Amino acid sequence: MFRHISKFTASTFKYTTSLFLQCNHDYSPTSSSVELWLQDIHIGLDALLDDRIIEAEDIFLQNKSSPIHAFGYALVLYTKAMLSNEPSKVEEAVEYISNLETHIKRILLHRKKRKGHAKIPTSCSVPLDIQFENHTLCDQDEYLHMQFELIYANCILMLATLQFLRDSWIDHVKAAYDLRKAYKMYERIFKALTGMSILEYQTTAITTPFTRHTMTPTRRTVSCDDGRFAHQSSTTATASTYHQTVEHGAYFGIGLFHIIFSLLPSKVGKLLNNIGFHPCRSTAIHLLRVTHSGASMYSSLSALVLLTFYTNITMYIQPNINRFFVFKDANAVLQKMQSKYPNGRLWQLIQGKFKRIECNLADAVALFTKAKEPQHVQQENNSKQQLDAHNYFRNASINEFTQFRSFAIYETGWAHIYAGNYTQASEAFFCLESICNWSRLFYHYIATCCMIAEGMYEKAALESIQMINMFEQKRKLGHRISSNEHYAESKVASWIAMSTSLPSQSLEETLHTVANPIWELVYLWHGTCYWTHEVISDIKSHATRSNSSDPMLYLILGVLYRDMDRNLELAMEQFNLILMMKKEAAGWIYPYAMYEIAATQCTTFNSGTILVIVTDWVQCIEAYYQQHPQDKEWECRMQLRCQLLLESCCV
């Protein structure tokens with residue numbers, strides 16, 4: 001459908017773009033006009049998040065002389081580009097946002113020229129190392145200036161992320177520079193509003209997510225203190241929202257940067273520290289929660305970032321240990337968004353993830369299916385409403401983008417795996433392989449593992465041989481192989497090597513003897529806590545029947561005894577059996593046993609000794625990977641797991 005929509009909007013896009021070239025740049029918007037425009041963009045953004053994309057476009061295109069409306073339309077193009085990942089959509093968004101960035105820059109330069117020496121220098125016209133002056137009060141003109149500064153920073157941020165989608169190292173370098181430029185602008189606005197730098201803000205003790213100790217630097221606004229003081233110039237609700245847009249826009253930008261950078265590998269983190277970034281997860285969550293509690297257009301965007309963070313962080317740390325953003329708080333945010341956006345497919349997808357976390361796999365699959373189901377199918381099922389061409393066009397949905405459908409299918413496949421429905425899971429991942437452009441061979445591997453779990457050994461053997469050929473072909477074509485695909489290739493190669501070492505045994509017969517590879521996948525992707533009782537019973541029965549000394553079985557049994565049976569003594573016994581093996585025999589499982597011991601002790605010792613104990617185990621894990629540089633698990637998963645575990649001990 002969106003291919004037809006793009007034809008319809010092509011003329012609109014060209015007309016709107018030409019406005020940036022023909023516009024009178026001497027025109028300087030007033031605070032009152034910007035305030036009205038911000039109300040429109042808030043309404044349009046609500047429509048976009050409620051899956052009313054065409055309605056959002058109508059709102060953003062109704063005032064073609066407004067740079068604020070143009071920014072709203074840029075958000076729509078940016079969303080389409082990111083979710084479709086089509087070169088034409090990416091280039092369309094890049095061209096539009098670049099023109100808008102130039103237009104906003106001219107407005108800022110004109111304001112500076114008209115005012116002489118502006119009180120707040122803009123990063124588009126001054127070096128990055130010039131700091132804001134500290135004032136005791138922001139007047140209306142300063143807030144108006146910062147509104148455009150914020151839009152300008154947002155444009156740079158969107159352009160930078162789009163440049164990462166291009167397959168060019170020059171674009172990637174430029175994107176990295178633009179990211180730093182955008183961050184410095186958010187940081188400057190933050191300092192102008194709070195009277196302190198981000199680093200000073202981080203050093204201020206946070207007692208709870210919404211309670212802070214008294215800060216000594218002078219503040220120009222108090223939103224970070226959750227409204228305990230009134231804004232001097234905010235006399236009405238509308239005025240308050242107008243000022244909140246600047247304040248919370250800066251908090252959102254900084255929070256987003258810090259959330260992303262705090263999840264990067266330690267090597268990248270050290271590099272970021274050297275160039276001025278000091279990511280802090282607790283600061284990011286605090287700022288995003290403050291923004292979400294407000295009434296600006298950044299409130300729902302902050303909720304989206306927080307929910308995405310929560311659902312992804314559970315892949316690396318147990319929910320009972322995660323103290324950054326607990327389930328109760330995250331669920332409250334989700335319920336608020338669902339009541340506000342009842343039609344939003346995005347929130348249905350996130351709700352499905354929450355149902356999975358609650359181990360309600362049937363409801364999770366139903367929500368994932370509903371999220372990716374075409375709009376006209378739902379309407380036919382619900383009301384038998386006759387659809388004409390106009391209604392079909394107006395009901396364009398986010399689920400028609402390939403990326404969004406891929407997310408939903410991916411989650412559906414994993415939910416089927418947790419439930420032991422391996423045939424449906426295999427179908428889901430084969431479907432995912434056919435529509436995705438990334439990690440395709442990894443999805444092929446997951447589908448093959450599901451075949452082994454279902455006992456379809458002959459088909460699994462054929463798929464394994466095919467995968468080896470596909471890896472060779474991919475290398476010949478010079479395509480990049482992802483870390484997940486490297487993992488899949490090593491597992492399949494080990495099966496084939498095991499088969500060839502025994503001439504009398506075929507690959508099909510070898511697959512009969514290997515431990516269910518899907519169990520290892522579920523463990524590595526942190527899904528053991530979602531297994532149904534039937535699957536857990538099968539694993540324990542297999543362990544009893546086989547009576548083997550498989551370290552993978554020891555590891556999984558230890559996790560199950562700890563998380564499901566609450567038997568810490570039996571869990572520690574299983575983990576210690578691994579450490580009693582030779583490191584070469586245990587392989588990559590050896591450091592994971594140390595990690596699980598550290599995670600187990602987090603639930604048994606008091607807060608005063610936890611950090612010391614966990615730090616000792618993490619140092620042992622790091623030492624293992626230093627001695628075994630060929631093991632890439634540290635970079636893939638373990639480093640972030642250890643980092644989160646250590647930080648959870650300090651919260």
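Leaving aside neighbours within four places in sequence, Ile417 is in contact (heavy atoms within 4.5 Å) with Tyr422, Ala425, Phe429, Ile446, Cys450, Ile518, Val522 and Trp531. The structure is a predicted model, in which local features need pLDDT of at least 70 and side-chain atom pairs count only at pLDDT 80 or more, whereas totals for chains, interfaces and linings use all residues. Residues are numbered from 1 along each chain as its sequence is written, and side-chain values use heavy atoms, with hydrogens and water left out.

Ile417 also belongs to the largest nonpolar core, a set of 198 residues in which Trp414, Ile417, Tyr445 and Leu521 touch the most other members. A nonpolar core is here a set of buried Ala, Val, Leu, Ile, Met, Phe, Trp, Tyr and Cys residues joined through side-chain atoms within 4.5 Å. Helix H6 (residues 140-163) gives the most to this core, contributing 15 residues. Helices are DSSP runs (H or I, at least four residues), numbered from the N terminus.

Thr412 is located in helix H18, which spans residues 402-419. Thr412 counts as buried because its relative accessibility is 7%, the cut-off being under 20% relative accessible area with a 1.4 Å probe and protein chains only. Residues up to four places away in sequence not being counted, Thr412 touches Val365, Phe368 and Lys372.

Helices H20 (residues 440-453) and H21 (residues 457-476) pack at an angle of about 165°, and their axes are 9 Å apart. Axes are lines fitted to C-alpha atoms over the stretch in contact, and angles run from 0 to 180 degrees between N-to-C directions. H20 and H21 are therefore roughly antiparallel to each other, a term applied to angles over 145 degrees. By class, the contact of H20 with H21 has nine nonpolar, four polar and three charged residues; Ala, Val, Leu, Ile, Met, Phe, Trp, Tyr, Cys and Pro count as nonpolar, Asp, Glu, Lys and Arg as charged, and the others, Gly among them, as polar.

A further helix pair is formed by H25 (residues 533-546) and H26 (residues 551-563), which pack at an angle of about 135° with axes 11 Å apart. The contact involves Ile536, Ile539, Lys540, His542, Ala543 and Ser546 of H25, together with Leu553, Ile556, Leu557, Leu560 and Tyr561 of H26. Eight nonpolar, two polar and one charged residue make up the contact of H25 with H26.

How values were computed
Helix = DSSP H or I, 4+ residues; strand = E, 2+ residues; numbered from the N terminus. Buried < 20%, exposed > 50% of the residue type's maximum accessible area, 1.4 Å probe, protein only. Parallel < 35°, antiparallel > 145°, perpendicular 65-115°, else oblique.
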